[in-house]
Amino acid sequence: MKHFKQALATMEKIFNAGRVSRWHTHPDLAETGDRLDGHQGRVARIILRLHPSPDMHILAQALTHDDGEHVAGDMSGPAKNQYPNLRLLTEDIEGCARVDLWGFCAMPYKENHRWVNFADKLDAYMWMMHKKPRLRKKAEWQEAKAWLNAEYKALIKG
């Protein structure tokens, strides 16, 4: 077992990982003050409520899925979609950073990946609705809502 001083140093890194700001590249939501610790907690709560049988593994994944962003930053989805090599590099950096924090790669197992991704996107939509509901009329949010509806139906069917 680690000495308390070592454990405290690790806990400080974990605490600081949760302080990363979200939405900094999104012009409409950049100033809304969302942080990873709140986001990851909400993702876990979404899974806890909507998943038919959530277990400890999927909840742990939900609570840690973005922790690697304390090293890589919260890279924008459009940038990762436009530049696949950037996506791969970012995922590699984030994975190594999660291992450094937790001692294991806390990414979703293949069967849980869709659930964590769905809950992640639902949290984004709910954040927008809470902070800037007028944005729901924009095409990107209309598309997000349609995807969420279709994906939830597919997840429930199994």
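**Close-up views of a predicted helical model**

**Figure 1. Trp23, Tyr125 and Trp141 form one aromatic cluster.** This is a predicted model, in which local features need pLDDT of at least 70 and side-chain atom pairs count only at pLDDT 80 or more, while totals for chains, interfaces and linings use all residues. Residues are numbered from 1 along each chain as its sequence is written, and side-chain values use heavy atoms, with hydrogens and water left out. Five aromatic pairs are found in a search of the whole structure. Rings of Phe, Tyr and Trp (its six-membered ring) pair if their centres lie within 6.5 Å; planes under 30 degrees apart count as stacked, over 60 as edge-to-face and the rest as tilted. The pair of Trp23 and Trp141 is tilted, at 6.2 Å centre to centre and 50° between the planes. Trp23 belongs to the loop between helix H1 (4-17) and helix H2 (36-50), and Trp141 to helix H8 (residues 139-157), so this pair ties together parts that are 118 residues apart in sequence. Helices (H or I, at least four residues) and strands (E, at least two) are DSSP runs, numbered from the N terminus. Trp23 and Trp141 are both buried; buried means under 20% relative accessible area, exposed over 50%, and partly exposed in between (1.4 Å probe, protein chains only).

**Figure 2. Trp115 and Phe118 pair within helix H7 (residues 110-131).** The ring centres of Trp115 and Phe118 are 6.0 Å apart and the planes stand at 90°, so the pair is edge-to-face. Three residues, about one turn of the helix, separate Trp115 from Phe118. Both residues of the pair, Trp115 and Phe118, are buried.

**Figure 3. The largest nonpolar core has 21 residues.** Such a core is a set of buried Ala, Val, Leu, Ile, Met, Phe, Trp, Tyr and Cys residues joined through side-chain atoms within 4.5 Å. The residues with the most contacts inside this core are Trp23, Leu29, Ile47, Phe118, Met128 and Trp141. At least two core residues come from each of H2, helix H3 (56-64), H7 and H8. H7 supplies the largest share, nine residues. Contact means heavy atoms within 4.5 Å. Not counting residues up to four places away in sequence, Met128 touches Leu29, Pro133, Leu135, Arg136 and Trp141.

**Figure 4. His26 lies in the loop between H1 and H2.** His26 counts as buried, at 13% relative accessibility. With residues up to four places away in sequence left out, His26 touches Glu140 and Trp141. The C-alpha atom of His26 is separated by 7.9 Å from that of Ser76, 50 residues apart along the chain.

Figure 5. A salt bridge is a side-chain nitrogen of Lys or Arg within 4 Å of a carboxyl oxygen of Asp or Glu. The count comes to 10 salt bridges. In the salt bridge of Lys13 with Asp100, the closest N and O atoms are 3.1 Å apart. Lys13 is partly exposed, with a relative accessible area of 40%. Glu31 and Lys132 meet through their side chains in a further salt bridge (2.7 Å, N to O). Glu31 is exposed, at a relative accessible area of 52%, whereas Lys132 is buried, at 16%.

**Figure 6. Arg22, Asp34, Arg42, Asp66 and Asp123 are linked in a network of salt bridges.** Arg35 and Asp37 also meet in a salt bridge between their side chains (2.5 Å, N to O). Arg35 is partly exposed, with a relative accessible area of 33%, and Asp37 counts as partly exposed at 36% relative accessibility.

**Figure 7. The protein has eight helices and zero strands.** The C-alpha trace spans about 55 × 35 × 30 Å along its principal axes. A compact globule with 158 residues would have a radius of gyration near 15 Å, and the protein has 16 Å, which agrees. The radius of gyration is taken over C-alpha atoms, and the globule rule is 2.2 Å times the number of residues to the power 0.38. Of the 158 residues, 37% count as buried. Residues 24 or more positions apart account for 62% of the contacts with a separation of 6 or more.
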